[in-house]
Amino acid sequence: MADSLYELAVVLESERKSDQAEIPARECLARYEKMIPNEWPTFNCRSTLGLILLSQRKYSEAETLLLSAYEGLSQLRGTFAIDIKARVRESLERLVALYEAIPRPAEAAEWKSKLAKLDSPQTRHQPQPAAGSF
């Protein structure tokens, strides 16, 4: 059910219906936080809800969610068989967008720097764990 709610929220956000997307995103996050509080889908959902709130100009709440999502995803990176680097990148891009919208240029620049570091050759070619290893 949580996965379906997430997909619905993503579709609604892509259609620029952020007011409608907020409801399933919040319900999805509540379910993930109850079932799998420290796993990547929970942090990814926080990032998505943060994006939805950012598009509604609810900056304070968006900031809290986006920072939490980035921190959680960053800590998990490299510990799963799947590569969550794309989710980390999305969180970084959303933080840059947030701080540019507020505007807080110094913080936007800091997050842009982290984004550039993520895409540097050293980070791009890190070995990934074998499938099925956690």
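**Reading the fold and its contacts**

Author: One may begin with contacts in the protein: among those between residues at least 6 apart in sequence, 57% join residues at least 24 apart. Please keep in mind that this is a predicted model.

Reader: How many helices and strands are there in the protein?

Author: The protein has 7 helices and 0 strands. Read from the N terminus, the order of elements is α-α-α-α-α-α-α.

Reader: What share of the residues counts as buried?

Author: Burial is read from relative accessible area, with under 20% as the cut-off. Of the 134 residues of the protein, 40% count as buried. The protein exposes about 7,600 Å², and carbon and sulfur atoms supply 54% of that area.

Reader: Which residues of the largest nonpolar core touch the most other members?

Author: In this core of 33 residues, they are Cys28, Leu92, Leu95, Leu98 and Trp111. Helices H1 (2-14), H2 (18-35), H3 (40-55), H4, H5 and H6 (105-118) each supply at least two residues of the core.

Reader: How many disulfides does the structure hold?

Author: A disulfide requires two cysteine sulfur atoms within 2.5 Å. The structure holds 0 disulfides. Cys28 is in none, and the nearest cysteine sulfur, that of Cys45, is 3.4 Å away. Cys28 counts as buried because its relative accessibility is 0%, and Cys45 is buried with a relative accessible area of 1%. Leaving aside neighbours within four places in sequence, Cys28 is in contact with Ala2, Leu5, Tyr6 and Cys45.

Reader: Where is Ile84 found, and is Ile84 buried or exposed?

Author: Ile84 is found in the loop between helix H4 (59-76) and H5. Ile84 counts as buried, because its relative accessibility is 2%. Not counting residues up to four places away in sequence, Ile84 touches Trp40, Leu73, Leu76 and Arg77. Sequence separation and spatial distance may also be read together: Ile84 and Asn44 are 40 residues apart in sequence, with their C-alpha atoms 9.4 Å apart.

Reader: What can be said of the place of Ala86?

Author: Ala86 belongs to helix H5 (residues 85-101). Ala86 is partly exposed, as its relative accessible area is 31%. From Ala86 to Leu118 the separation is 32 residues in sequence and 10.0 Å in space, C-alpha to C-alpha.

Reader: How many salt bridges are there by the rule applied here?

Author: The count comes to 12 salt bridges. Glu22 forms a salt bridge with Arg26, with the closest N and O atoms 2.7 Å apart. Both lie in helix H2, 4 residues apart, about one turn of the helix. Glu22 counts as buried at 11% relative accessibility, whereas Arg26 is partly exposed at 32%. Glu22, Arg26, Lys58 and Glu61 are linked in a network of salt bridges.

Reader: Which parts does the salt bridge between Arg104 and Glu63 tie together?

Author: In this pair the closest N and O atoms are 2.9 Å apart. Arg104 lies in the loop between H5 and H6 and Glu63 lies in helix H4, so the pair ties together parts that are 41 residues apart in sequence. Arg104 counts as partly exposed at 28% relative accessibility, while Glu63 counts as buried at 16%.

How values were computed. Residues numbered from 1 in each chain as written. Predicted model: local features only at pLDDT ≥ 70, side-chain atom pairs only at ≥ 80, totals over all residues. Heavy atoms only, no water. Buried < 20%, exposed > 50% of the residue type's maximum accessible area, 1.4 Å probe, protein only. Contact = heavy atoms within 4.5 Å. Core = buried A, V, L, I, M, F, W, Y, C linked by side-chain atoms within 4.5 Å. Areas by Shrake-Rupley, 256 points an atom, 1.4 Å probe, with all protein chains shown as cover. Salt bridge = Lys/Arg side-chain N within 4 Å of Asp/Glu carboxyl O.
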